[in-house]
Every structure is written in C-alpha cells, then in structure tokens.
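Welcome to this short tour of a protein model. Please have the sequence and the 3D view open side by side as you read.

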Amino acid sequence: MNAFYAETPPAAAPDAPGAPVSGTPGPYDDPARVLLARLTVLRERVTALVEHRSTDDPTADDPLRGLYLSDEAVQHLLRTWQSGDDPGAALPVSVDGPAGPGDRLARLAGRTGQLTELDRAVLLMALAPDVDRTFEPLYGYLNNDVSRRRATVDLALELCGVPAHLAAARSRFHASAPLRALGLLEVEEPERPFLTRSLRVPDRLIGHLLGDDTPDAALLGLLVPMPDPLPASGAGDADGFVRRLAARLHDGPLTAYLREPREGDGLAVLASVLDAAKTDALRCTGPEDHVPELLREARLSGRAVVVSGLPEKPGPLVRQLTAATDVTVLMTDPRPYDPQWSPADPLVLDAPGRLAGGAAAWRAALGAEADGFDLASAVAPYRLGGDRIQRAAHGARSLAAFEGTPLTADHVRLAARRQSASGLESHARRIRPDVDWTDLVLPDKPLTQLRELALRARHRDQVLGEWRLSAGGGRGRGVLGLFAGESGTGKTLSAEVVAADLGLDLYVVQLSSVVDKYVGETEKNLERIFTEADRTDAVLLFDEADAVFGKRSEVKDAHDKYANMESAYLLQRLESFNGIALLTTNLRANIDEAFTRRLDLVVDFPFPDAGQRLALWRHGLSHVPSVEGIDPEPLARNFELAGGSIRSAVVTAAYLAAGRGGTVTADDLLEGARREYRKAGRLVPGEGGW
C-alpha cells in the first residue's frame, strides 16, 4: 500500500485550459482551489481504502454496520488480523516538488520549519470533513462507527501507510509535537484509547488554508494597529539602532525585549524598525489568556508579534512568548528585563528615546496644516512617544474643525496635554493654567530667570541629550527650580505662568498625602510621584518645599537618622529625575545646600515696592467694574501688601460692590486693604481716611 503525500496539487498540462501562463494568475494561485485539489487526491485514497476494506467484508452491505458487532464481523476481524510492518521501518519522506504560490499549507510548513510530510498529510485528513461533507460517511465506514465522522489517529496513520505501532509516528500526535504545540491540531477525547481519538483542525487554520485572512475570533478586541513609523530623528545613534535591528529581522525569527525610557517610546521604535524591515506585525494588548491563538495567527500570516506594556507580573506571558522560536516576538516595557521571567532570555535592548518625538514626528503627523505657526516651539516641551503623537495630531485637527478655524499652536498643545495621561492626581492637585506673562508683576531679574526656566524646559533634550551634558552619574534630563520669597510674592503664580508658557498642566503636590509618620512611607509616596511625573508632560510644584527638602541635622536619635535618610533619598531621586519640578519656600535658608546645588535656577521673589504694588492694584482692578477715575496710588503707597494680599483686597472690594449691586469704589478698596492688615495682625494706617 503506497503512502499518501500530496506535496503539490496535480500540475495542469501546458495546453490544458487551466494551465498557468506566464504573467497571468495560474489555477493554483487561489488557496481554496489548491486545498480542494489536495482533497481530490485524498478522496481517491480514501475511496481505494474503502474498496479494499469492503472486498471481503461480510457486513459491507449491512445497513446497521457500525452500530453493532455481529459474529461474522468478529470472525472477519480475526482472519484479517495483521502483525504489522517491520518495527524498524522508516517513515516515507519523499517530496513531490515545489509548491504552487497559492499552497498555504506548504508555505506554513516552510515558515515553521517543523512540519514533516506526515504532519501535513494528517492535517489534510483531519480538516477534510470541514471542507467537503462527502468525507463524513466514508470516515464513518472506515472507523466502523457511523457516528464517528472525523479522522482518528488510527485512520490517519492507515491512510498514510504508516504502521500504528511505530513510536516515531505516534509521537507526532503528542502535546509537545509541532502539530499540537503550534496550535494546528486538536486530539480530542483523551478518555478513549489513543488510536480511536478524533482529530480536529481549528476553524482559523481551515479558514486560512481556504484564503480567509480574518483574525481568530479569540483575538477580537485585543489586536490594535501599529502606529505609523516616525521619520528619521537625525540622531545617528537612534537611526543606526533602527537599521541594525531591521537587518537582524531579515536573518530569521527573533525574540527581543526593548526597555523604553518612557511609555510609548519603544512602540515608536518598533514601528520604524518593522517599516525598515518591510515586515507586518500583530500588535496585541492584554494577550495573557490568548497567547496560543496569537502565536498561531502570527504563524499563519507570517507576521511578527508586538506586545507593548507587559502586565504587572509578566513572567507567565514572557515565558510563553519566548518559547515560540519560529515567530518574531518583540516586547517593550519601561521596566528592566528580569531573567526570572523566562528561562530563555530574549535579546535585551535599550530603546533610543530620541526617535519617539521631536518636531519632525509632529510635522509628519500634521503635514501642511502646521505651516501657519511655529510648530517646533509649540511641541518642544512634550515628550510623547508611540502613537501618542499621531493621536494628538488627530485630536488637534478635530478641535480646529469643531471651532471652524485653521489649526493653531493652541490646538496642538491642548491635544498633546490630553494625550499625556497622568496618575498624579491621586497625589497632587491639578491646575490648568489660565494666566500668561502679563499677569506677573516682578522686577527684571526674577522675570528673566523665569523665562530662562521655560527655555531650559524646551531645549533640555538638545542640550542634555544630544550634546551629552547630562552624561555620567545616572543624571536625568529634568529641570529643577526653587522659588524663594515671602508669602504672597507670586511664587505659585509664577509656576503657573511657566506651565502655561510651556503648554503644560501644573500639579501641586499635596504634602498631606506625601509625608507619613511611618519610616520609609514618605519615600515610597515621593517615589510614586516622581515616577508618574517622569512619564507625564507636566510641571510638578512642591509648595512649602522645606517640609520635605529641609536641612539635614546631626544625628542624635532615631528620628534624626530617618529624617536624614529621607533627605538622602530625595537627593538621589532629583539626580535621575526627567521631568520639570519647581519648589517654593518662604525661607530659603531652610533648604539643604545639597538640594540647592542640584537646582538649575534659584529665583528670589522680593517684596514689591510702591511702584510694583501700584501695578498690582491696577492689574487686579482691570478685571472688575469700578467707578470712573478710581486711583489706587494712595493704597499702594500707604499699605505694604504683597501681591497675594492685594488680590485678596480686590476680591473683598468686588464682593462689597456686588452685594449692593454697584461698582467698585475707592472706599471698597480701602476696606479690602484694611482687612488684609487686620488679618496679619498689623496696625491699620489711615483709619480716618487716605
């Protein structure tokens, strides 16, 4: 009995109507036609086996054959009992020639490199009833059971001409064998004897062999598109990284782990790598419960698997992904790779962060719509990665379309802020800045320093990154500033103005949620804040910072020891910080000198003189209705109030005016100023008038 191996469908004669012609689609370019041609050969083999079985079978014409076992059938079984072939016989491995372009079974075998001819024949026999129902009664007859209409292990081996007792043949059905390990075959009914267990091919594989490329239903909702590749960054290291990794993908399947400096950066790099390698990918989110289906889909389609953002405990997922040596698997996550995650280590790389952002990426995402404003200046403070830039660009266009105006820098900034999602709100109070530089009344020196602070925030990637001025010591690319001055001199307002100028949100750290009486808890809370701030485009403000950044003291008891440990932690964490952090204090002398050395700028806010107080009064009155000709100059001269107190006085005057249904008068302003003096416990000047 000859073995059945249909490596290719029967070739059409050159002059036959279906013969392929150079430059035109051939008859076997269609995967469905190729599979049906294979089944035609299988049907001939099944028919031959049925005829052979029925030649001297006394129950062949019995309509109840397969439902019971008669005495005649038992005697026939005893007469035809064979001892089997030579146990040492080798499995036939002949190959019938190259596969046609539509032969997806041959292409799948080539991609995996693990399927033998026996495996491919078994697959074909197992799927036959799912494609052609005429196989069902034939299989029922050959199984001697009309209710068993699928191929069994024994029937598959018999159709292939392979003795069922050969260990090499039986091993092809084990759970660790390629057919089952790759998710291509299911051996059902484990409670039955091995040879009578039914074989089933997953619906997804059958659909693929017939030409259907719809992903597995188990992956619906998990597959998300890859972001568009970003343009070259211009940084030699980043572009070289992309070229080297793309070249490695051409050499064969690869499992790699990219540690990204910031969430989304690794995905942006992989998009560029896959584009350079001309390789399609399946990007999956939350695949922990569907890894077999994901890997099978990748094998069928010849695509790479991309997983970004691993679960909290990534070990089980990483072990499954690294075990697939025939599929390219690319993982990316901000955490360092832990060898305990998997016994088979992937190629571990650090993803270059510079590739993920920059004006070039924004320009590619926005196109000509960004020609109306200075795009580079507008997006400089943002470090969005992955597909966040493209999503922000889409959001900016939608905002502009909603307002019916051309795209502006404000649209881009707002959309970018919304893409920079943050968990900081559980530890800090968010302020959406609604001020600008005109709201500040300060001397030239602190005003110049504040503008320099914003400039540093915009150009830190260039200065500290490209020019390598942060190299060594694990230093980050953060911008740190200290605002020192009396209460009400404009420190918090200045932080809000800087954030507004950068187009970022301001987060004011709530010290009540940070400081903890238990040892080590304050450091943990601060670490959560710094970690979240590192991945968020925002300005972090520590108000009354001397509460946590105070001077270290001589160790006299355990309290001093742990207080100094807290300060030591903060010193180390500020070194590696990559965000923008501002500290305010009423007493600069209370800040430890070691903190001061790590600051980029220290801005002193002086108490306003008479001229500045007058400007502050006038600025406050510019927002409220007041009587004509009102002059706050006497108030500015006689009441020594800081900017915050002047604002409170104007608010008091506004309430007095609103209460009587009128406008703000000089008497209202005077009453507001006197109340501020009384709150501070100071003697009120000019009780009899101005």
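## Overall build

Helices (H or I, at least four residues) and strands (E, at least two) are DSSP runs, numbered from the N terminus. On that basis the protein chain holds 26 helices and 14 strands. This is a predicted model, in which local features need pLDDT of at least 70, side-chain atom pairs count only at pLDDT 80 or more, and totals for chains, interfaces and linings use all residues. Residues are numbered from 1 along each chain as its sequence is written, and side-chain values use heavy atoms, with hydrogens and water left out.

A residue is called buried under 20% relative accessible area, exposed over 50% and partly exposed in between (1.4 Å probe, protein chains only). Of the 690 residues in the protein chain, 47% are buried. Contact means heavy atoms within 4.5 Å. Among contacts in the protein chain with a separation of 6 or more, 73% are between residues 24 or more positions apart.

Let's begin with a helix pair. Axes here are lines fitted to C-alpha atoms, for helices over the stretch in contact, and angles run from 0 to 180 degrees between N-to-C directions. The axes of α1 (residues 31-54) and α4 (residues 117-131) come within 11 Å and cross at roughly 105°. Angles under 35 degrees count as roughly parallel, over 145 as roughly antiparallel, 65 to 115 as roughly perpendicular and the rest as oblique. Helices α1 and α4 are therefore roughly perpendicular to each other. On the α1 side the contact is made by L35, L36, R38, L39 and L42, and on the α4 side by L124, M125, L127, A128 and V131.

What about helix α5 (residues 135-142)? Since 6 of its 8 residues are buried, α5 is largely enclosed by the rest of the structure. Those buried residues are F135, E136, Y139, G140, Y141 and L142, and they pack against α1, α4 and α6 (153-159). Just after α5, N144 takes a positive phi of about 60°.

## Aromatic rings and charges

Rings of Phe, Tyr and Trp (its six-membered ring) pair if their centres lie within 6.5 Å; planes under 30 degrees apart count as stacked, over 60 as edge-to-face and the rest as tilted. The structure holds 9 aromatic pairs. In one of them, the ring centres of F173 and F194 are 6.3 Å apart with planes at 80°, so the pair is edge-to-face. F173 lies in the loop between α7 (167-170) and α8 (178-181), and F194 in the loop between β1 (186-187) and β2 (199-200), so the pair ties together parts that are 21 residues apart in sequence. Both F173 and F194 are buried. Elsewhere, ring pairs link Y257, Y337 and W341 into a cluster.

A charge sits over a ring if NZ of Lys or CZ of Arg is within 6 Å of the ring centre and within 35 degrees of the ring normal. R451 lies over the face of W437, 4.3 Å from the ring centre. Likewise, the charged end of R682 sits over the ring of Y677, at 4.2 Å from its centre.

## Two buried residues

L641, in the loop between α24 (633-638) and α25 (643-660), counts as buried at 4% relative accessibility. Leaving aside neighbours within four places in sequence, L641 is in contact with residues including F607, W617 and Y677.

P178 lies in helix α8 and is buried, with a relative accessible area of 12%. Not counting residues up to four places away in sequence, P178 touches Q114, L115 and R172.
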